[in-house]
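Subject: Structure for your review

Dear colleague,

Please find below the structure that I am handing over to you. I would ask you to look through it first and then to read the notes that follow.

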Amino acid sequence: MYQYQSINSEKGTALPTSPPTIKTPQRQYSPSRPRFRISFFTTLFFLGTFSLYKTFLPSSLCSHHHHPDVAKVQRCSITNFKSDLSFLDNAPPIQADEFLQRRDRLAQALVRNKVDAFVLEPGYTFQYYGNISQVDWEPWEPEERPFLMLIMPQISPHDGKVSAKTAFLSPHFEEGRVRMLGIPSHEAELDIVIWEEHWNPYTTLLESRLFKDTESPTLMVDEEMRDFIVRGLDAYGFRTVGLTPEAELVRQQKSAAEVALLRAVNTGTVAAVRAMRPCLVPGLTEDQVTSILDKTLLSVGFSLFFDIVLFEEHGALPHGGFVTGGKKLTYDSMVVIDVGAHYLGYSSDICRSFLIDAPPSSLGKHAADPLRAEKEKVWQIVLEAQTAAAGAMKPNNTAASVDIAARTVIEDAGYGYGFTHRLGHGIGIKAHESPYLNKWNTAALLQPGMTFTNEPGIYLEGKFGVRHEDIYLVKEDGEAELLTGQRARGLYKP
C-alpha cells in the first residue's frame, strides 16, 4: 500500500512522499487475470459512453473539453440571421420633405394652442423635427451654451394656410457648424439668431427679429428641455408652457415611412433572436449570449441599443440586475431576452422567452425539470394575455383599457401578483414614447397611426419569468397590425 502524507499539488491532489516499491508480477499468479479483464471492459464502457456523448452533442458547438465554443455559436447565429434579410426591403430613410411636413403639422397644433413657438434643444425631438435619418448625422450633445431650435407657426394672408417657420439660436462661433448639418428648411438658408458668449442668450432671442412684434411670447418647451434653460427663458421675458396633447399627437401618429422603418428594425430584431436560438448550447453564460446577439445584430447594420439576457430565476427580475450575467445555460433554463436596436434612427424593443433545443432522447439521461409544467402553463397564459391586449388596440379605446385586457387574463389565471409592470408604451425614434399603456391612463385615447409595445409578463421570484413583447400599429379599421413579423408560437419557437 502507498504511504501518503498531507502534501497537496496545485490542484489539491495528495502526492506520495516517495515512490512505492513495485514487484514484478509472477506469471503463475492467477488473480492478476480477472483484474485485467475488469479493467479492460470498464475502459471499453467509458470509451463508448464518451464517443456516444460526442456524437449527439448539439450542432458540434461544444469543444472537445465540453466547454461551449463561443466562436462557433457566433458564426452559426450570424449565418442563420443572414439567410433571410427580407425584413430590410422597402424601408428607406425618411425623406427631407417629411421633416417639413412634421413641422407644419406641429405649427397647426401651436395655432390651436395659441402658442408663439415650440422650442427644443438637441435630443430625440430635435432629431425628429430636424433630420434623424441622414447616416452621417453629427450628434450635437447639449452643453452649457444654449443651442435652440424654434418652430413657429406662420399663417398665409392669402389662404390662411398654416406652415412652419424654423429658426435657431446659436453661439456665434457655432453658426457655421449649424449650417453644415443639412437640416431641411422651407427657406433657402437657415434663419439663425447668433449670440456672443458675453451676451445674455435669452434677451438676445427676445429682442431678435423673430419676436420683435410679440409682447411676452409664449413658448411651448419640449419634455427633454433642461431646467436651467426653461428658467432662463422665464426670467427674461418669455412665458413657457408644457407639451399639449395636440403637440404630442404629431409624434405619436406615425407616417407610412416611419411604420416601414419600425417594421424593419423590430422584425429584424426578432429574427436575430430566432436565428441565434438553435445555436445555443449548455454552458454559455448570460453575458456570452448577450455578446453573441449583439454581434449578430451588428452584422446587418443595426446599431446597438440595449440587450438583457436572463436565465431561469434571473428572469423573474424583468430588467435583470447587477448580479446577473454569469449564470450558465442548461436545457431546462427559461431564457428571457429583452433587446432593442436602432436602424436609420428608429427603435426596436422586443422580448422572447424560450428553451434551447433538448438533448437527443436516445441518451435517456436527462433528468425531468420539476418546473417544466408550470413553465409551459405560464408561457401560454402570457401569450393569451398578449392576444387579449392586441384585440383592444382600437381607435378611441383608452390606454388603460388595453392594459386591463391583458391584466384580466393573467389575474383570472391566478398570477396577477406576478404581472408587476405596465403593459406597454409608445415607440418610435425613442423606445419609450407616450402614450403609456397602464390601467391608470384613462385620459389617453388610441388613434390610428400610433405604435405600441405589447409586453405582458409573469415573474415568479426564485423560479423564472416569462414575457412576450411585440409591436403593434393601431389601424383606422379592424385589428391592430403586428410589426414584428410573427408572434411567438411555443417554448421552442420564439
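A residue is called buried when its relative accessible area is under 20%, exposed when this value is over 50%, and partly exposed in between. Please keep in mind that the model is a predicted one.

I begin with the cysteines. By this definition Cys279 is buried, because its relative accessible area is 0%. Cys351, with a relative accessible area of 0%, is likewise buried. Cys76 has 22% relative accessibility and therefore counts as partly exposed.

How many disulfides does the structure hold? The count comes to one. As a reminder, a disulfide is a covalent bond between the sulfur atoms of two cysteines. Here the partners are Cys76 and Cys279, whose sulfur atoms are 2.0 Å apart. This pair joins distant parts of the chain, 203 residues apart: Cys76 belongs to helix H2 (residues 70-82), whereas Cys279 sits in the loop between helix H9 (256-276) and helix H10 (286-298). The torsion about the S-S bond of Cys76 and Cys279 is about -75 degrees, and the disulfide is therefore left-handed.

The largest nonpolar core has 69 residues, and Tyr129, Leu280 and Ile337 touch the most other members. Helix H9 supplies the largest share of this core, ten residues. Domain 1 (70-91 + 255-358 + 370-482) and domain 2 (96-251) each contribute at least three residues to this core. Apart from this core lies another one, of 36 residues, which includes Leu371, Val402, Phe419 and Leu491. Which residues does Tyr129 touch, not counting those up to four places away in sequence? Among them are Phe99, Leu106, Phe118, Met149, Ile151 and Val250, together with Arg102 and Arg103.

Finally, some points concern the backbone. Most residues other than glycine have a negative phi, and most peptide bonds are trans. Lys114, however, has a positive phi, near 55 degrees. Lys114 lies in the loop between helix H3 (96-112) and strand S3 (117-120), and its 70% relative accessibility makes it exposed. Leu344 also has a positive phi, near 50 degrees, and is placed in the loop between strand S10 (335-343) and strand S11 (346-347). Is the peptide bond from Ser434 to Pro435 cis or trans? This bond is cis, with omega near 0 degrees, and Pro435 is part of strand S14 (residues 433-437).

Yours sincerely,
A colleague

Definitions and conventions:
Residues are numbered from 1 along each chain as its sequence is written. This is a predicted model: local features need pLDDT of at least 70, side-chain atom pairs count only at pLDDT 80 or more; totals for chains, interfaces and linings use all residues. Side-chain values use heavy atoms; hydrogens and water are left out. Helices (H or I, at least four residues) and strands (E, at least two) are DSSP runs, numbered from the N terminus. Buried means under 20% relative accessible area, exposed over 50%, partly exposed in between (1.4 Å probe, protein chains only). A disulfide is a pair of cysteine sulfur atoms within 2.5 Å. A nonpolar core is a set of buried Ala, Val, Leu, Ile, Met, Phe, Trp, Tyr and Cys residues joined through side-chain atoms within 4.5 Å. Domain bounds come from an automatic or database domain assignment. Contact means heavy atoms within 4.5 Å.
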